[in-house]
Amino acid sequence: MRPTPSFQYHAPKTLEGAIELMGTLENVKPIIGGTDLIPQMKEGVFSPDHVVDLNNVAELNYVREDNGLICIGATATHNQIAASDAVKKSQALLDAMTMIGSPQIRNRGTITGNLINASPAADSAPPLLVHDAEVVIRSIDEERIIPLTALFTGPKLNCLEQNELLTEIRFPTPPVNSASAFKRIGRRKAFTLSVVSAAAYVEMEGERCVDARVAFGSVAMTPIRASEVEDMLEDKTLTASIIAEACLAARNHVHPITDVRGTAEYRKDMCEVLLRRALEAALERVR
Amino acid sequence: MIVNFDLNGEPVSVEVEPNMSLVDMLREELGINSVKKGCELGECGACTLLLDGSPVTSCLLLAPQVEGCHVTTLEGLEKNSLMIDLREAFIENGAIQCGFCTPGMLISSYALLRDNLHPSAYQVKKGIEGNICRCTGFTKIIEAVLDAAERITPE
């Protein structure tokens with residue numbers, strides 16, 4: 001089984017070179033890990049005339065903390081991100097990086113690809129959403145920085161133009177009085193897609209939660225934040241009953257569908273369960 | 001186009017079409033048959049090999065992407081002491097039924113034990129989560145990997 005028809009393969013060594021190829025070639029696709037793109041090309045979802053491999057662009061391969069921002073370069077793999085010092089400050093993202101795919105996928109796949117693929121079930125999305133992540137997008141003409149929420153425009157749809165590359169994902173370094181967690185449920189434990197996933201972030205001043213952020217995967221057209229649920233947690237002492245109320249309310253702020261992996265009703269039930277687990281794990285970590 | 005890379009310690013140079021996958025190049029052009037073609041979509045792990053030391057599924061790489069890389073397959077680990085321990089543990093624990101998943105299982109188990117000499121049963125399961133045994137012989141495989149870890153552990 002091959003990606004057909006064939007294409008021209010380009011392996012630029014610099015970002016400028018890659019951007020120029022993206023801007024001048026017709027029907028072009030960038031490739032990094034290829035863990036989504038290669039199957040899609042084999043199945044005929046995409047049939048590019050040109051493939052631009054970004055793996056040799058050294059300046060895109062990093063995970064670093066810079067001026068209060070954690071910055072992840074486009075070609076950093078899941079395992080590379082999980083092993084970095086910078087991402088140890090985001091437990092939710094670290095959770096997701098060890099759950100996503102399989103060892104083989106984590107050695108090759110990237111957050112960039114996971115986000116660009118724009119599956120509502122993308123496991124890297126909820127943790128990045130609770131960190132208020134932004135993405136840097138480059139083309140020949142401009143650089144634009146948009147919130148991650150604006151990248152997703154629908155199931156399997158993103159806002160990138162054909163000539164654009166996502167070059168960096170970044171989010172503010174979480175303060176020491178904060179913690180986060182990511183939980184998911186799949187059809188099985190190993191190497192599986194999420195049926196529902198949830199990320200929670202809490203920032204505490206003593207017993208009071210001063211900032212709460214909640215995000216879900218696989219329960220809407222795109223990965224989503226649930227600001228109404230966040231409002232129920234902020235400026236409160238997070239007692240078991242406050243958490244239970246917020247988790248119950250989460251059911252009304254998600255819009256899941258019934259598909260081969262689960263029913264809409266089951267997904268609503270699991271939002272309640274997973275949010276509680278994520279909040280409890282985050283609170284455990286902050287203490 | 002020409003791809004130059006290191007295969008099991010030997011430099012090789014192969015003429016390929018850009019849309020050829022790494023597993024096809026190894027099987028069809030280089031006679032490397034330990035990498036098996038199962039799903040060809042990165043789900044089953046039968047084509048697992050080591051790319052610069054890390055396990056990856058060779059059906060998800062384009063042949064030109066290994067330019068300048070080190071590719072290691074089971075053939076290149078035939079005399080490796082860790083692989084010999086693993087192979088013997090697989091045989092003695094009955095961790096093989098049809099054998100189709102075995103090369104991929106051995107490569108994933110090798111990478112796991114190389115990086116972690118004392119894995120727990122859970123860590124072994126995580127280590128081989130990208131490899132499917134359709135005979136469903138997972139229990140014996142997990143026992144074999146744990147047994148191999150015992151063999152290499154110094155007293």
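**Figure 1. The interface between chain B and chain A in the predicted model.** Between them, chain B and chain A bury about 2400 Å², with 54% of that area on carbon and sulfur atoms; buried area here is the accessible area (1.4 Å probe) that two parts lose on being put together, summed over both. Of the area that chain B buries against chain A, 28% is supplied by N19(B), L60(B) and E129(B), more than by any other three residues. The contact draws on 32 residues from chain B and 32 residues from chain A, where contact means heavy atoms within 4.5 Å. This is a predicted model, in which local features need pLDDT of at least 70 and side-chain atom pairs count only at pLDDT 80 or more, while totals for chains, interfaces and linings use all residues; side-chain values use heavy atoms, with hydrogens and water left out. Residues are numbered from 1 along each chain as its sequence is written, and chains are lettered from A and ligands numbered from 1 in the order in which they are written.

Figure 2. E129(B) is paired in a salt bridge with R106(A), and their closest N and O atoms are 3.0 Å apart. Between chain B and chain A, 12 residue pairs are in polar contact, both residues being at pLDDT 80 or more; a polar contact is a pair of N or O atoms within 3.5 Å, where within protein one must be able to donate a hydrogen and the other to accept it, and residues adjacent in sequence count only if both atoms are side-chain atoms. On the side of chain B that touches chain A, at least two residues each come from α1 (22-30), β3 (48-51), β4 (54-57) and α4 (121-127) of chain B, these elements being DSSP runs numbered from the N terminus, with helices (H or I) of at least four residues and strands (E) of at least two. The largest share of that side, 4 residues, comes from β4(B). By class, the side of chain B that touches chain A has 13 nonpolar, 11 polar and 8 charged residues; Ala, Val, Leu, Ile, Met, Phe, Trp, Tyr, Cys and Pro count as nonpolar, Asp, Glu, Lys and Arg as charged, and the others, Gly among them, as polar.

**Figure 3. Two salt bridges within chain B.** D24(B) forms a salt bridge with K37(B), with the closest N and O atoms 2.6 Å apart. D24(B) lies in helix α1 of chain B and K37(B) in the loop between α1 and β3 of chain B, so this pair ties together parts that are 13 residues apart in sequence. D24(B) is buried, at a relative accessible area of 2%, whereas K37(B) is partly exposed at 28% relative accessibility; buried means under 20% relative accessible area, exposed over 50% and partly exposed in between (1.4 Å probe, protein chains only). In the second pair, R151(B) forms a salt bridge with E92(B), the closest N and O atoms being 2.8 Å apart. This pair links distant parts of the chain, with R151(B) in helix α5 (residues 138-152) and E92(B) in helix α2 (residues 81-92) of chain B, 59 residues apart. R151(B) counts as partly exposed at 30% relative accessibility, while E92(B) is exposed, with a relative accessible area of 57%.

**Figure 4. Salt bridges within chain A.** D259(A) and R267(A) form a salt bridge in which the closest N and O atoms are 3.1 Å apart. D259(A) is partly exposed, with a relative accessible area of 30%, but R267(A) counts as buried at 1% relative accessibility. A network of salt bridges links D132(A), D211(A), R213(A), R225(A) and E230(A). Over all chains, the count by this rule comes to 24 salt bridges.

**Figure 5. The surroundings of D36(A).** D36(A) is found in the loop between β2 (28-31) and α2 (37-42) of chain A and is partly exposed, with a relative accessible area of 29%. Leaving aside residues up to four places away in sequence, D36(A) touches G113(A) and N117(A). The side chains of D36(A) and N117(A) are joined by a polar contact of 3.4 Å.

Methods:
A salt bridge is a side-chain nitrogen of Lys or Arg within 4 Å of a carboxyl oxygen of Asp or Glu.
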